[in-house]
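This report describes a single protein chain for a reader working from its sequence and coordinates. The two are shown here.

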Amino acid sequence: MAEKTLLLEVITPDRKVLSEEVDIVVCPGVEGQFGVLVNHIPFLSALDIGEMYYRKGSQVEYIFVGGGFAEVTGDKVTILADSAERGREIDVERAKRAKERAERRLAMGRAANIDWARAEAALRRAMARLKVASR
Ligand code: ATP
């Protein structure tokens with residue numbers, strides 16, 4: 001009999017990014033990275049900006065997540081992400097431009113009239129995208 005797998009769905013406000021049967025999912029929870037195997041107890045977690053990955057047999061795929069929520073039931077993980085892209089979907093030049101923009105803003109210093117938290121989040125998204133794209 002085939003091993004039981006977990007259905008992973010990654011959804012953003014714009015689109016369904018992915019729907020796959022997988023063996024394990026690892027996500028960037030706000031309280032740290034967590035992994036999910038089939039038959040995990042149900043739970044909900046907020047997600048940080050970062051990378052998630054899944055493994056299916058010997059295949060591993062990394063996905064950028066711009067924060068959101070994960071809902072885990074016994075045989076399904078649903079990722080509701082603010083934004084998410086598979087590695088091959090990431091526009092590296094765009095992420096580099098976003099990184100430079102955010103760095104320029106942050107270099108102006110806290111006293112400058114900038115939305116610090118917004119610039120910091122933009123920088124973290126850009127860096128996470130570049131990391132996923134380079135995997
Ligand atoms: P930018 O300033 O370049 O728009 P951002 O981090 O502000 O970057 P998000 O708000 O996270 O962008 O995403 C807005 C939309 O653009 C989403 O649909 C997201 O998937 C897409 N997107 C953003 N950056 C990239 C990228 N480098 N490659 C592919 N898609 C991207």
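## Basis of the description

The model is a predicted one: local features need pLDDT of at least 70, side-chain atom pairs count only at pLDDT 80 or more, and totals for chains, interfaces and linings use all residues. Residues are numbered from 1 along each chain as its sequence is written, and side-chain values use heavy atoms, with hydrogens and water left out.

## Overall architecture

The chain has two helices and eight strands, in the order β-β-β-β-β-β-β-β-α-α from the N terminus. Helices (H or I, at least four residues) and strands (E, at least two) are DSSP runs, numbered from the N terminus.

Along its principal axes, the C-alpha trace spans about 60 × 25 × 25 Å. Of the 135 residues, 39% count as buried. Buried means under 20% relative accessible area, exposed means over 50%, and partly exposed lies in between, with a 1.4 Å probe and protein chains only.

## Strand pairs

Strand S1 (residues 6–11) pairs with S2 in the antiparallel sense over six bridges; two strands pair if DSSP finds at least two bridges between them. S1 and S2 form a hairpin with four residues between them.

The structure holds 13 salt bridges, each defined by a side-chain nitrogen of Lys or Arg within 4 Å of a carboxyl oxygen of Asp or Glu. One of them joins the side chains of Glu20 and Arg86, at 3.5 Å from N to O. Glu20 lies in strand S2 (residues 16–22) and Arg86 in strand S8 (residues 84–86), so the pair ties together parts that are 66 residues apart in sequence. Both partners are buried: Glu20 has a relative accessible area of 17%, and Arg86 has one of 10%.

Arg86 also meets Glu61 in a salt bridge, at 2.8 Å from N to O. This pair links distant parts of the chain, with Arg86 in strand S8 and Glu61 in strand S6 (residues 59–73), 25 residues apart. Glu61 is likewise buried, with a relative accessible area of 11%. Glu20, Lys56, Glu61 and Arg86 are linked in a network of salt bridges. Within this group, the side chains of Glu20 and Lys56 make a polar contact at 2.6 Å. A polar contact is a pair of N or O atoms within 3.5 Å; within protein, one must be able to donate a hydrogen and the other to accept it, and residues adjacent in sequence count only if both atoms are side-chain atoms.

Gly57 is found in the loop between strand S5 (43–56) and S6. Gly57 is partly exposed, with a relative accessible area of 43%. Gly57 and Val22 are 35 residues apart in sequence, and their C-alpha atoms are 7.9 Å apart in space.

The side chains of Glu103 and Lys99 meet in a salt bridge, at 3.1 Å from N to O. Because Glu103 and Lys99 are four residues apart in helix H1 (residues 92–107), they are separated by about one helical turn. Glu103 is partly exposed at 33% relative accessible area, and Lys99 is partly exposed at 24%.

## The largest pocket

About 440 Å³ of space lies in the largest pocket. On a 1 Å grid over the protein atoms alone, a pocket is an open set of points where a 1.4 Å probe fits, with protein on both sides within 12 Å along at least five of seven lines, and lining residues have an atom within 4 Å of a point. Grid points are joined across faces, edges and corners, and a volume is the space filled by probe spheres set on the points.

The lining comprises 18 residues, of which Ala98, Arg101, Ala122, Arg125 and Arg129 lie nearest the centre of the pocket. H1 and helix H2 (116–133) each supply at least two residues of this lining. By class, the lining has eight nonpolar, no polar and ten charged residues. Ala, Val, Leu, Ile, Met, Phe, Trp, Tyr, Cys and Pro count as nonpolar, Asp, Glu, Lys and Arg as charged, and the others, Gly among them, as polar.
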